[in-house]
Amino acid sequence: MRGRTFIGVAALASIAVPVAAQTQVEPVEEVSVDQLQQRMQSGATSSVALTQAYLARIAAIDRQGPTLRSVIATNPDALAQAKALDDERRAGRVRGPLHGVPVLIKDNIETADPIATTAGSLALKDNITRRDAPVVAYLRRAGAVILGKTNLSEWANIRSTRSMSGWSAVGGLVRNPYALDRTACGSSSGSGAAIAASLAVVAVGTETDGSVVCPSSINGLVGFKPTLGLVSRSRIVPISHSQDTPGPMGRSVRDVALLLSAMAGPDPTDAATARAVVRDYAAGLSARALAGKRVGVIRPAGMPAALAERFDAALKVLRAAGATLVEVTPPKLDGLGEAELLVLKTELKADLDAYLATTPAEVKARTLEQVIAFNRANAAAEMPFFGQELFEAAVQTRGLADPAYRAARATSLRLAGREGIDAMLKTARADLLVEPTYAAAWLSDPVYGDQYGGPSASELPAVAGYPHLTVPMGLMQGLPVGLSFIGTAGTDAAILSAGYAYEQRATARVAPRYLPQAVAPGLEGARR
């Protein structure tokens, strides 16, 4: 997904507010990876029991009740995987912190399970590849149970400038667990809503510009977009090899760090990962990580008063944690948006054509042009609310050898990196930057699409390929907002630790209540 365009609604069914009664025995709501692991280690539960509990919760509140539609498909092999991992544990082999832990995977990432990788499009409904993306292979090696696939903004939100976040033709509209009429953002909307609702403990999303950090911020989660090349992008439905990356999403920085530790590593099929650092990112977390650090503070123009209030409260926490705060004025970076868009359109055509050529023979749309034709032929299902003007523009681009494309990539890298993040860090003599990730979730609107004009922290780190972490900083008028921690390339561990130090002091995350609509604090009794 691009940071400033989001997606829409297949059908707005009537909203059932109460969470459906759940028959699960094993409690899984709001639990951490460590808690699940401790239960399994003590013998109090098993991977099979946890997997059954999450599947029951998906049935109760994703398919019924609030009907979040965040999980596009569950894995029919999940219980068998869990049983095999339980057998390993009984035999004395535990692979690590994720052994037996159910994990959700965004449905643009291939898994070897008997489920399609659709990117939300009916054109890929038969894309059962029976192969793991390297990031999934790493997770299996770490002992994770692949619970299922999460819904997403179709084609990771690159089809239309007038889309609405969280809608796909395959999965319908993802609803925000905090207020069911609000967006879950995108494109990793399903991963965001599912983890907020405890349908798994962690999930994998992907980001091109905003698609991990936006749904994480808006669903009250921690989300991390790593340095480009830390995690493999192979066997993932692509947008842009210059900006795409998977990223971990969870309810705490530690959970995200544990997931990242299992995901990261070199992949011979992805040259960008040649220098990927394999390390235990959770082991390096410290509640004192902000002590003595200089933090550059970016205040976006036009912040809503309620967001500014939450941001100021977060800055007080950073000071209390020992950070020295330095106000930073963002430089004017004229032309960055235009350069980024040309890069994304050009690489979409080249990268998607290359990916589609590797899909099974059952997939008939094997080029971007054929996907466009498929959408036109199936417009009632694929384009009920918005079109495909970005696809149509991308198919007209001139390829990776085009001098205009190459100039745009050089320009976007320079503006976002050297003249953007790096310049702000240097001027402030800062170790990292902080700013609000986004404002609160907007209404899902099938007529006008995404109506968001507020601040966004995603573009510079996305274009530069730098690490970007969002951590909850509380509620804005009853809806979650996040605080962004941004650094230069390769500072992933330091950014995670800074976010952890903030999180431990702020304890700002609030669990969702599945309200039919957002209600400001103190006004709950004013609406029915």
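Helix α7 is largely enclosed by the rest of the structure, because 10 of its 11 residues are buried. Buried means under 20% relative accessible area, exposed means over 50%, and partly exposed falls in between, with a 1.4 Å probe and protein chains only. Helices (H or I, at least four residues) and strands (E, at least two) are DSSP runs, numbered from the N terminus. The model is predicted: local features need pLDDT of at least 70, side-chain atom pairs count only at pLDDT 80 or more, and totals for chains, interfaces and linings use all residues. Residues are numbered from 1 along each chain as its sequence is written, and side-chain values use heavy atoms, with hydrogens and water left out.

The buried residues of α7 include Val 253, Asp 255, Leu 258, Ser 261 and Met 263. After the helix comes Gly 265, with a positive phi near 150°.

A nonpolar core is a set of buried Ala, Val, Leu, Ile, Met, Phe, Trp, Tyr and Cys residues joined through side-chain atoms within 4.5 Å. The largest one holds 106 residues, and those touching the most other members are Leu 139, Leu 290, Leu 318, Val 434, Phe 485, Leu 496 and Tyr 502. Helix α7 (residues 253-263) gives this core its largest share, eight residues. In soluble globular proteins, nonpolar side chains tend to be buried together.

Which residues are in contact with Tyr 502, leaving aside its neighbours within four places in sequence? Contact means heavy atoms within 4.5 Å. The list includes Leu 290, Ala 314, Val 317, Leu 318, Pro 472, Phe 485 and Ala 508.

Next, the aromatic rings. Rings of Phe, Tyr and Trp (its six-membered ring) pair if their centres lie within 6.5 Å; planes under 30 degrees apart count as stacked, over 60 as edge-to-face and the rest as tilted. The whole structure has five aromatic pairs. One of them is edge-to-face: Trp 155 and Phe 391 lie 5.7 Å centre to centre, with 70° between the planes. This pair links distant parts of the chain, 236 residues apart. Trp 155 sits in the loop between β3 (145-150) and β4 (167-168), while Phe 391 belongs to helix α12 (residues 389-394). Trp 155 is buried, at 4% relative accessible area. Phe 391 is buried too, at 0%.

Phe 485 and Tyr 502 form a tilted pair, 5.9 Å centre to centre and 50° between the planes. Phe 485 lies in strand β13 (residues 479-486) and Tyr 502 in helix α15 (residues 492-506), so the pair ties together parts that are 17 residues apart in sequence. Both Phe 485 and Tyr 502 are buried. Elsewhere, Tyr 438, Trp 442 and Tyr 452 make up one aromatic cluster.

Now the covalent link. A disulfide is a pair of cysteine sulfur atoms within 2.5 Å, and by this rule the count comes to one. Cys 185 is joined to Cys 214, S to S 1.9 Å. The link of Cys 185 and Cys 214 is right-handed, with 100° about the S-S bond. Cys 185 lies in the loop between β5 (172-173) and α5 (189-196) and Cys 214 in helix α6 (residues 213-218), so the pair ties together parts that are 29 residues apart in sequence. Both cysteines, Cys 185 and Cys 214, are buried.

The loop between β5 and α5 also holds Ser 187. A cis peptide bond joins Gly 186 and Ser 187, with omega about 5°. Most residues other than glycine have a negative phi, and most peptide bonds are trans.

Two residues have a positive phi although they are not glycines: Thr 67, at about 50°, and Ala 119, at about 55°. Thr 67 lies in the loop between α2 and β1 and counts as buried at 18% relative accessibility. Ala 119 is found in the loop between β2 (102-106) and α4 (134-141) and is buried at 1%.

Ser 70 also lies in the loop between α2 (47-62) and β1 (71-74). Is Ser 70 buried or exposed? Ser 70 is buried, with a relative accessible area of 0%. A polar contact of 2.6 Å joins its side chain to that of Asp 62. Such a contact is a pair of N or O atoms within 3.5 Å; within protein, one must be able to donate a hydrogen and the other to accept it, and residues adjacent in sequence count only if both atoms are side-chain atoms.
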